Amino acid sequence: MKIGITGNSSGIGRSISDLPYEFTQFNRTDGDIHNVELVYEKFKDCDIFINNAWDGDCQIKLLNYFFDKWKDLPKKIISIGSSVSNYEPSSTGYQEYVILKRQLKQAHCDIVNLKTTKCKSHLICPGVTDTKLTTFRKCKKMSTQDVADIVKFVIENKLYIPEIYFYVE
């Protein structure tokens, strides 16, 4: 099984890349993440695409582009969303992030509602995770390995799991 992943140089993507699979990566050194054709060209032969890198609306564009190309193929797209897509965050300064993660969720839901495609879209929505984005937040945080473990669960599960939300207690 070949897996393509964006944004694996640090954080959640780094932990996912440490899982025991064959990965192809797309990072900043490979080109502009917003160039969906370029990203697709690198991952077109993969069985799974992990849509992890967050840079503006690139996750939404990549999800839609990959799904359009793969909709008739038995492949998986796993997008890393956020639990903030379901509530108003208590911290300020995350407005763009929240809006774009909500748009990613909507794009995912639009795909799931089609129901008749071979390609399956999965949305993994962790709560606050210990990454660069949350460095200054004073709260309980899950580790990036916690998120990678959920990604592994989705990859290996025979059941179709459209969305997963999880938090630290």
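In the predicted model, Ile77 touches Phe49, Leu63, Phe66, Phe67, Trp70, Cys119, Lys120, Ser121 and His122, leaving aside residues up to four places away in sequence. Ile77 also belongs to the largest nonpolar core, which has 24 residues. Within this core, Phe66 and Ile77 have the most contacts. At least two core residues come from each of helix H2 (36-43), H3, helix H4 (95-112) and strand E5 (120-126). Helix H3 gives the most, with seven residues. A second core is separate and has 21 residues. Ile3, Ile12, Phe23 and Ile78 are among them.

Strand E1 (residues 2-6) is joined to E2 by five bridges, and the two run parallel. Here Ile5 stands opposite Gln25 in E2. Three bridges join E1 to E3, again in parallel. In that pair, Ile3 faces Ile48 of E3 as its opposite residue. E3 is also joined to E4, by four parallel bridges. Ile48 stands opposite Lys76 in E4. Four bridges link E5 to E6, and these strands run parallel. Ile124 has Ile164 of E6 as its bridge partner.

Two of the strands show how side chains are placed. In E3, Ile48 and Ile50 point one way, whereas Phe49 and Asn51 point the other way. All four of these residues are buried.

Helix H3 (58-70) was checked for its length. It has 13 residues, so at 1.5 Å a residue it should span 18 Å. Its end C-alpha atoms are 18 Å apart, which agrees. The buried residues of H3 are Cys58, Gln59, Ile60, Leu62, Leu63, Phe66, Phe67 and Trp70. The elements that cover them include E1, H2, E3, E4, H4 and E5.

Leu62 is one of the residues of helix H3. Its relative accessibility is 0%, so Leu62 counts as buried; the cut-off for buried is under 20%. Leu62 touches Thr6, Ile33, Val36, Val39, Phe49 and Asn51, not counting residues up to four places away in sequence. Leu62 and Leu104 are 42 residues apart along the chain. Their C-alpha atoms are separated by 9.9 Å.

Helix H4 was checked in the same manner. It has 18 residues, so at 1.5 Å a residue it should span 26 Å. The end C-alpha atoms of H4 are 26 Å apart, in agreement with that value. The buried residues of H4 are Tyr97, Val98, Leu100, Lys101, Leu104, Lys105, Ala107, His108 and Ile111. Their cover includes E3, H3, strand E4 (76-80), E5 and strand E6 (163-166).

Asn52 lies in the loop between strand E3 (48-51) and helix H3. The relative accessible area of Asn52 is 11%, so this residue is buried. The side chain of Asn52 reaches the backbone oxygen of Gly7 at 2.7 Å. Asn52 touches Ile5, Thr6, Gly7, Ile12, Gly13, Gln59 and Ile80, again not counting residues up to four places away in sequence. One of these, Gln59, is among the buried residues of H3. Another, Ile5, is the residue opposite Gln25 in E2. Ile12 is included in the second core.

Notes
Residues are numbered from 1 along each chain as its sequence is written. This is a predicted model: local features need pLDDT of at least 70, side-chain atom pairs count only at pLDDT 80 or more; totals for chains, interfaces and linings use all residues. Side-chain values use heavy atoms; hydrogens and water are left out. Buried means under 20% relative accessible area, exposed over 50%, partly exposed in between (1.4 Å probe, protein chains only). A polar contact is a pair of N or O atoms within 3.5 Å; within protein, one must be able to donate a hydrogen and the other to accept it, and residues adjacent in sequence count only if both atoms are side-chain atoms. Contact means heavy atoms within 4.5 Å. A nonpolar core is a set of buried Ala, Val, Leu, Ile, Met, Phe, Trp, Tyr and Cys residues joined through side-chain atoms within 4.5 Å. The expected span of a helix is 1.5 Å times one less than its number of residues. Two strands pair if DSSP finds at least two bridges between them.
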